[in-house]
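Student: I would like to go through this model with you. Could we begin once it is on the screen?

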Amino acid sequence: MSTDRKPAPPPRRLTDESPRVTVFHSDRAAARALARRIADAVAATPSLVLGLPTGRTPLALYNELASLAARGAADFSQVTTFNLDEFVGIPAEHPGSYRTFMEQHFFSLLHLAPERIHFLNGAAPDPAAECERYEQEIARAGGIDLQILGIGTNGHIGFNEPGPELDARTHRVTLRPETRRSNAALFGGDESGVPAEALSMGMGTILRARAIVLLATGASKASCVERVIHGRVTTAVPASFLQLHADVDVMVDEAAAAKLAR
Ligand code: F6R
């Protein structure tokens, strides 16, 4: 049996000031480090308020957190969660909803208290009132302690899509074609089946979180990560607004870091 397997290279810190960029040798290593950070934060503050994304990127993170919980290495029973976004016009139990995604990949595995799980209702008869309700729920919970984000290839966070302006508060948004395309898998691979609109936390809602971690993995994220870190703050790259927050970590694998200055 071969014994010469090299140890995994350690993470590299590229910047020490927010946004602090750390490069991991693999997406798995980044997910594991973020899971450890979340578990440590929950150990320090059992009633932590977490903001959460859906998407392909956090799947490895949610797996890691689920296995920590299964081993008894982390207890999420007191944690409160707020998800970033939900599609408009479909009920929570629709197979393509973000709520269903989270039930499958996170909520059912971590034994969260159902009353501490918060989600936008995409089927609400009055979407504006629903957005306002969400802002008030976040405020009532004392604000978000740790907001986890993914990033779209177009630079969106939550569903704050690039455009001439951004909404500060939770709002209704028209999804860009590339965003509908990247969510087609949730709707049987049919892009036209992806709802055209969503409800999303606003940029101000996200930036009010006490700490933020952006997780980005894979070569398709290299260009937007480069613009977020080295570019100007612009509504054309919504995630660039993270430069304005004092406590942001950007955790990337080598592929997503490929265009960053070393
Ligand atoms: C979804 C969300 C989005 C995703 C982004 C990346 O709740 O917040 O901003 O994080 O679209 O999606 P993936 O991870 O599938 O590339």
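Student: Where does Pro19 lie?

Tutor: Pro19 is in the loop between β1 (12-13) and β2 (20-24); helices (H or I, at least four residues) and strands (E, at least two) are DSSP runs, numbered from the N terminus. The peptide bond from Ser18 to Pro19 is cis, with omega near -5°.

Student: What are the ground rules for the model and its numbering?

Tutor: This is a predicted model, in which local features need pLDDT of at least 70 and side-chain atom pairs count only at pLDDT 80 or more, while totals for chains, interfaces and linings use all residues. Residues are numbered from 1 along each chain as its sequence is written, and side-chain values use heavy atoms, with hydrogens and water left out.

Student: Which pocket does the ligand sit in?

Tutor: The ligand sits in the largest pocket, in the sense that more than half of its atoms lie within 2 Å of the pocket's grid points. On a 1 Å grid over the protein atoms alone, a pocket is an open set of points where a 1.4 Å probe fits, with protein on both sides within 12 Å along at least five of seven lines; lining residues have an atom within 4 Å of a point.

Student: What volume does the largest pocket have, and which residues are closest to its centre?

Tutor: The volume is about 600 Å³, taken as the space filled by probe spheres set on the points, which are joined across faces, edges and corners. Of the 29 lining residues, Thr54, Gly55, Arg56, Ser182 and Lys221 are the closest to the centre.

Student: Which helix gives the largest share of the lining?

Tutor: That is α5, with 3 residues.

Student: Where is His111 found?

Tutor: His111 is in the loop between α3 and β6 (117-118). Its phi is near 55°, a positive value in a residue other than glycine.
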